[in-house]
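Subject: Structure for your files

Hello,

Here is the structure I said I would pass on.

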Amino acid sequence: MEYLFVAFVLLLHTLFWGSGAAMLLLPRPWRRYWPVFAAPVGLTLQSLVVWAGAYAGLEGTQSYGRVSLMLPVLLLGLAARRQPAARWGADLRRFAWLGLGMAACLVLLVVPLARASSLLTTVSLGSCDAADYAAGARVLLEFARGERGGFLGQTEVVQVMSVDNFYDFWLRLNHFTPSALIALAGAVLGRQPFELTGVLTAVLAVSVLPVVFWIARAGLRHGPRESLWVAVLYGLNPLTWYAVYHVAMGQLLAAQAIGVLTWAGLEVWRRGAGARAGLGWAGILGAAYVLILGSYNFIILVALVPLVAFTGGQAVWTGAWRRFGQWALWALAPLGLAALLQWERVAGLAERLSLFRTYDFGWAIPGLSPEGWLGLVAAPALTPFGGPVRWLLAAAVVVVLAATLLRTRHTRPGRAFLALSFSVPVLVGYGYLLLRGARLGTNASYDAYKLLSVFYPGLLASLCLWLSPGTDRWLRVAKGAMLVLVSALNLQLAWQFARRMEQPPLIVDRNLAQVRELEARADIDSVNVLNDDMWSRLWANGFLLRKPQYYRTHTYEGRLNTELGGGWDLNSGVINLRLPPPGSIQLNPAVEAISTHSDHFVRLRFGAGWYDHEQEPAGGQPLRWMQDRAEVEVDNPQAGPLRLRWRLVGIATLATRDVEFWFGGAKLNTARINPGRSGSLEQDIKVPPGHSVIELRTPQPLTVPGRGDNRSLGAMIHGIDVEVMP
């Protein structure tokens, strides 16, 4: 119940912030539709408040978060003078079914999170963005812009392009608005960023539904029931759920901002592109631009592409170039004001694009053919259906869409052209990025998915043009069949996502959250963050911002690998090290801190022959698979030898095999492991000063698991417990 309670409080908090502002910004004829714009305007206003608080030098949102609630109260009071409060109920009732759809989608998205952990926390399907957002949220929650203590001012670690401190990194280069929203909500609700990040992402996804509804209803002229179905389809769509469970807050914010921008820009064109229309929609356009600049500032470069395709196409067809010029002026003027307001975000665009060229961000995401654009995929990884099923579904979608477009072209040509403008440029860009990734062997398919996602509200409404009622019997039958098929398969994928997220691969469990305790200890002066996996390293970074930190591995932007100058090593993962007191702090069975000043200090790390770090679901034990030979490197900085007691625990194999312990060129011990059972191996060794290597070997042929896993596996090890003896 805590998850659902917090989720609905966050949703109401967002709508409360935006209701009065939406009424004030909308032109008079459209003011009664303010509930559609309450969420995006509310998110924009919250972002601007945190932006102003940062530049005012205030000590984080914790110093003004609750006081800032007076601003939406004031705006509601001003709005009541333009839109009498007695009419607000009627305005809300107009969208009652949409509100129920939002509530239902929010419940469906949040329940799997609650089933994953009784602790209000954040989980992920694989992306580490959540930890990055949460670190930024804590910066904005607790610190003033001028503070440079602890990690914030470590230039040698945090420098990115022209930014030399961690606070300005969030203002200039990183995704500011997601962290700002977490920080403000945390200050208002008295919650920590790790508690709110996952739930707030679900709220952001649900906040897009009114925008999708409005593009379908008022943009493409779908009927009210059809528009509601399109909006709910967005809320149940695997492309949306993939974003939520990878905690992609930035793209969800950009999606609704581009949706608002598209609708408002379209309305300026429809009203004649004159000064009256331009000024009337300037406020909403400006809010959309601010939201884009704060969340996904680089997407501003292509945000107007669907609109330009439509208005430019109309100008070419009718010769209305003067009207097009006026439209461009009024559409872009609010961008200029937004750019002045958030100049740091605009100034950082070139550097942000340079980072994209330098680093191959993301991971490979399967390409979607036409059936996938409507959410018809086989698995939560967005894997397409195999064999002829995929092509039959794709053909059915293409045939129905083509027939609808041909019919609409003769009956309502403007509507058909609008649908093509909202879809074709996006799909061309999507296809180009997929081909680029395949040709160069990069993760451009990740960029392709992001591009599709931020334009998905308008794209989905266009792809559902077949919902229009028709007189042809076969079109009505095809429409009904498509409606059932798309609804059923999207619901089925939602069920798969829910089952998958009940045991998420990445979670901030109690053990990881306990890292926060180290920050309050006076004896912890600085930390080398050596956790095996990026997820726990990033969360440790956010939990320890008041301490200087150093990294052996380049860990996301703003956490560079440097010389390890920390007074303590923070470890979590398969290797567990213990020193004689007081040389180590065992926070819990999974996390420890090791003093680099101890006379018994030694540092261990994985060498060659290991596969990547893995984790059992729902915060279970970490593990690593070895090949036929796997090394653990030992650095002993002491003047004399140290005696180490090794214990390998939870050893498992896919076939009967021996696991041998080698050191100094000699085999010291062997454990016979049978499949289906776990074993252990213990050995004491004396390591000399300097660098040493212990080696684990398995002489039997390696095993290939199959079913998509083509690795050659030796043994799996859950724990390498090493105790330095007095």
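The notes below cover a helix pair and then a strand with its partners.

This is a predicted model, in which local features need pLDDT of at least 70 and side-chain atom pairs count only at pLDDT 80 or more, while totals for chains, interfaces and linings use all residues. Residues are numbered from 1 along each chain as its sequence is written, and side-chain values use heavy atoms, with hydrogens and water left out.

Helices (H or I, at least four residues) and strands (E, at least two) are DSSP runs, numbered from the N terminus. Helix α17 (residues 305-318) and helix α18 (residues 321-341) have axes that come within 8 Å and cross at roughly 155°; axes are lines fitted to C-alpha atoms, for helices over the stretch in contact, with angles from 0 to 180 degrees between N-to-C directions. That makes the two helices roughly antiparallel (over 145 degrees). In contact (heavy atoms within 4.5 Å) are Leu307, Val308, Thr311, Gly312, Ala315 and Val316 of α17 with Trp321, Phe324 and Trp327 of α18. These residues divide into 7 nonpolar, 2 polar and no charged, with Gly counted as polar.

Strand β11 (residues 622-625) is covered on both faces: Pro622 and Arg624 on one side, Leu623 and Trp625 on the other, are all buried (under 20% relative accessible area, 1.4 Å probe, protein chains only). β11 pairs with strand β10 (residues 614-615) in the antiparallel sense over 2 bridges; pairing requires at least two DSSP bridges. Here Pro622 is the bridge partner of Gln615. Strand β18 (residues 715-717) also runs antiparallel to β11, joined by 2 bridges, and its Met716 is the bridge partner of Trp625.

Regards

Definitions and conventions:
Angles under 35 degrees count as roughly parallel, over 145 as roughly antiparallel, 65 to 115 as roughly perpendicular and the rest as oblique. Buried means under 20% relative accessible area, exposed over 50%, partly exposed in between (1.4 Å probe, protein chains only).
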